[in-house]
Amino acid sequence: RTTSGLSSLPSSVSYAVLVVTLFAVGIHAIRKFNSWRLYLGAFLATISIYLFGFLLWNIDNHLCTELRLFRRERSVPLGAVSQLHAWWHAFAGLGTYLAILLSSAMREEYLGIPFAVKFVSIGIPYLEIKPKPL
């Protein structure tokens, strides 16, 4: 139950069905590429990050009262870290970003546009699109 007294099960199940459907569509799309093993590894990492956030969100939904009591009894830093709903948003955002990056890489390969995966200093990847040879 959520704090409003309504069950979150229908929305959780609906969201899980959406994610599983996107997972199946993603696997289908990846299998069309010669370098599908590389894309599959990136896709599995992306979906794992996303599902970990989903797990945290569900823990937060089901243990909301207990987590609130825990946060009241602890210091601010530990209480802040135990905001599992906030962690859900962080992991969902990162998973979504990586899914978009993966889709962009697959698009560039499909169009024959050279690219490289680069990383900013904190380890977050981005695509560097190289000029297409004439």
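## The buried side of helix 5

In helix 5, the residues that count as buried are Leu84, Trp88, Ala92, Gly95, Leu98, Leu101, Leu102, Ala105, Met106 and Glu108. The model described here is a predicted one, and in it these buried residues of helix 5 pack against helix 1 (9–30), helix 2 (36–62), helix 3 (64–73), strand 1 (115–119) and strand 2 (125–129).

Helix 5 covers residues 84–111, and at 1.5 Å a residue its 28 residues should span 40 Å, which agrees with the 40 Å that separates its end C-alpha atoms. After the helix comes Gly112, a residue with a positive phi, near 75 degrees.

## The chain as a whole

The chain contains five helices and two strands, and read from the N terminus the order of these elements is α-α-α-α-α-β-β. With a radius of gyration of 19 Å, well over the 14 Å that the globule rule gives for 134 residues, the chain is more spread out than a compact globule. Taken along the principal axes, the box filled by its C-alpha atoms is roughly 65 × 35 × 20 Å.

Of the 134 residues, 28% count as buried, and the accessible surface of the chain comes to about 9200 Å², with 69% of that surface belonging to carbon and sulfur atoms. When contacts between residues at least 6 apart in sequence are considered, 52% of them join residues at least 24 apart. As for charge, the chain carries 12 positive and 6 negative side chains, and the centres of these two sets lie 5 Å apart.

## Helix 2 and its packing

The residues of helix 2 that are buried are Tyr39, Phe43, Thr46, Ile47, Tyr50, Gly53, Phe54, Leu56, Trp57, Asn58, Asp60 and Asn61. Those buried residues pack against helix 1, helix 3, helix 5 and strand 1, while the buried residues of helix 5 in turn have helix 2 among their packing partners.

Thr46, which has its place in helix 2, counts as buried at 9% relative accessibility. If residues up to four places away in sequence are not counted, Thr46 touches Gly95, Leu98 and Ala99; Gly95 and Leu98 are themselves among the buried residues of helix 5.

Asp60 also lies in helix 2, and with a relative accessible area of 10% the residue is buried. Once the neighbours within four places in sequence are left aside, Asp60 is in contact with Leu67, Leu84 and His85, and of these Leu84 is listed among the buried residues of helix 5. Leu55, again in helix 2, counts as partly exposed at 44% relative accessibility. Although Leu55 and His85 are 30 residues apart along the chain, their C-alpha atoms are separated by 10.0 Å.

## Arg71 in helix 3

Arg71 lies in helix 3 and has a relative accessible area of 18%, under the 20% cut-off, so this arginine is buried. Not counting residues up to four places away in sequence, Arg71 touches Gly79, Ser82 and Gln83. Val25 and Arg71 are 46 residues apart along the chain, and a distance of 40 Å separates their C-alpha atoms.

## Pro125 in strand 2

Pro125 is found in strand 2, and its relative accessible area of 13% makes it a buried residue. With the neighbours within four places in sequence left aside, the contacts of Pro125 are Tyr97, Leu98, Leu101, Val117, Lys118 and Phe119. Pro125 and Thr96 are 29 residues apart in sequence, and their C-alpha atoms are 13 Å apart in space.

Key: Residues are numbered from 1 along each chain as its sequence is written. This is a predicted model: local features need pLDDT of at least 70, side-chain atom pairs count only at pLDDT 80 or more; totals for chains, interfaces and linings use all residues. Side-chain values use heavy atoms; hydrogens and water are left out. Helices (H or I, at least four residues) and strands (E, at least two) are DSSP runs, numbered from the N terminus. The radius of gyration is taken over C-alpha atoms; the globule rule is 2.2 Å times the number of residues to the power 0.38. Buried means under 20% relative accessible area, exposed over 50%, partly exposed in between (1.4 Å probe, protein chains only). Contact means heavy atoms within 4.5 Å. Accessible areas come from the Shrake-Rupley method with a 1.4 Å probe; for residues, only the protein chains shown count as cover. Lys and Arg count as positive and Asp and Glu as negative; His and the chain ends are not counted. The place of a charge is taken as NZ of Lys, CZ of Arg, CG of Asp or CD of Glu. The expected span of a helix is 1.5 Å times one less than its number of residues.
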